[in-house]
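Biologist: I am new to this structure. Please show me how to read it, one feature at a time.

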Amino acid sequence: MKKTMKIIMSGLLTITLLAGMTACGGNGQQKKETDSVQKSNNTEVNVQGNTEPSDNTEMAKEIDFYSSILKEEGCLAIAKEFEEKTGIKVNVHSYDSADFVQAFMVAANGGSPIDVMLLNGQDVRYFMKNNLIQEMDGKPGADRVNQGAVDQYTYNGKLYAIGSKGGNSSGIYANMDIINQYGGKAPENMEDLRELNAKLKADGLSLFAFGGGNKYMWPMWYFSCIGQTTDGKPIERTEEILTGKAKFTDADSVEAFQVLRTFAEEEMFQPGFNGTDSDGGKAVFVNGQAALFYGGTWEITGFLEAGMENLDLLPFPIIKEGAKSIQTGNASDGAWTIYSKIDPSRQSAAEAFIDYMTTDEVIEGFRTSDSADLRDYARVSCNPNVPLPEGTDKLTEKQMDFLETMTFTHPDWIYPPEITTALQDNLQALTGLQITAEEAAQEMQKVMDELLANGYDYNEVEQGN
C-alpha cells in the first residue's frame, strides 16, 4: 500500500499482545501487566479516536471477512492494514459475485466462522429475508452514506446494510476510433446498429463484444429492453409479475426476449460469445475486434488502464420505435453487513472493521493504493464527504450523469433468487438460438408459477418502507 493508504488516525488503539508472558508467578509487576492487558481486551476499538467499554466483552483478536465485491488482492491489502492498526487479524474469503451465495451457504452450513460481509447489493434482500444478516441501524458507518444508499438497503423501516461504494449503472461503451472509421456516428437505435454491424462484418469485426459465458451478466440486456417494451415501467411490471398480476409470457416481456434473440440471429455479437467468459469478452473489445461493449460502469477503470482513451459511454440504443432509453442502476453497488449468527465475542471487532472501512480518510486513501482493486472500489463513493477528485476522467463523469438520471433499479435486485437464476439460464439459451422468445418466456413463467404455488409472497417485505 502507498503512504496515502497508511493514514494514522488520531487516537486509534493497537490491541496489546503479550506473546511471551508466562502464566505463573505472583509479583506485583506481573499483576500490573496482566491488569493492563485485561483492560485493553475490554476496550472497543473506534477508528474515530475514541474507546468505549463493550460491556466487559473481550475484544476478539480475529474475524472472518467474506467479500463478493473486492477481489482477494484488495481484501488482503485491507486485512493487512487493519491488523497493523488494531492487532485484529482478518481472515479473507473472496468470491465472484456469481458464486458468493453458494459459497456462503456452504460455510454457514458447515459451521465456519462468518463475521463481516461485503455483499453485492442485489443479494442484500435475499440475505435479509432469510434472517442471515443483522439490522445495521446505529452501527458504525451507517451515518456516512447518502440517502439513496440508505433507502436502497432499508426494508420495513429497518436498515440491513451500509452502502460500501458508489452506485453503478449500465451503458454502451463505444470505441470511437472504430466508430469514426466506419461512419463517425454512435448508434442510437436498431437501424443504426444494423447499419454499423453490416460494415464491421464486411471487415471481419464485430458489433458487440460480450462474455456471454458468464451468465451472471446477461440479465442487464433484458432489463434495458423491458425498460422500453414496458413503456418505461419495468419495475412496476416486474412487481406485477412477482405478485401474480402479470406474467413473463405477456407481450411486453416476450418482445424484450425477442430483441435479444434478434441480436444473436443477426450476428451482432462476436463469434463464440456464449463460450467466452467476462475477461475474454472484454479482451475482444480492448483488442479492437468489436466497436461496442455493453456492461456496467464498474468496467470504466479497467478499460482506461488498458489504454482505451477514446471511449464514450452511451445509453442503450432505442430498440422499440417511439420508446425512450431509460437508465437502470443503483445508488450503492455493494454493502457492508454483519452475519446474524456471529459469535457475540466478535461483534465489536466486526463493527470496528466496518467503522474503519467507511471513514472518509480510508476511502480517499484507497484511491492511491497500490491495489488496482481498491482504487476501483473507491473511484466513486456513496459517502457524500468523498467527492470525485479533480481531474476525474470523462467516463466517470458520465457515470455520475447516468446515476443522476437513473429511473429504475436492476429488477433482479427484487427478484427471488430462483427467478434470477432462471433468467440467466434462459437468456444464455435464447441468445444461443436454442429456444425461442416465447419458449424463454414460458420457462420463466413456469418457475414463477411454482414459486407462487409454494407460497412465495413478494409483499412480505417491501423495500424502503
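Biologist: Is Tyr356 buried or exposed?

Modeller: Buried means under 20% relative accessible area, exposed over 50%, and partly exposed in between (1.4 Å probe, protein chains only). Tyr356 has a relative accessible area of 1%, so Tyr356 is buried. This is a predicted model: local features need pLDDT of at least 70, side-chain atom pairs count only at pLDDT 80 or more, and totals for chains, interfaces and linings use all residues. Residues are numbered from 1 along each chain as its sequence is written, and side-chain values use heavy atoms, leaving out hydrogens and water.

Biologist: How many residues of helix H13 are buried?

Modeller: Helices (H or I, at least four residues) and strands (E, at least two) are DSSP runs, numbered from the N terminus. In H13, residues 347–357, eleven of the eleven are buried, so the helix is largely enclosed by the rest of the structure. Among them are Phe353 and Met357.

Biologist: How do I describe two aromatic rings?

Modeller: A pair of aromatic rings is described by the distance of the centres and the angle of the planes. Rings of Phe, Tyr and Trp (its six-membered ring) pair if their centres lie within 6.5 Å; planes under 30 degrees apart count as stacked, over 60 as edge-to-face and the rest as tilted. The structure holds 37 aromatic pairs. In one of them, the ring centres of Phe82 and Tyr356 are 5.5 Å apart and the planes stand at 55°, so the pair is tilted. Phe82 sits in helix H2 and Tyr356 in helix H13, 274 residues apart.

Biologist: What is the relative accessible area of Phe82?

Modeller: Phe82 is buried, at 0%.
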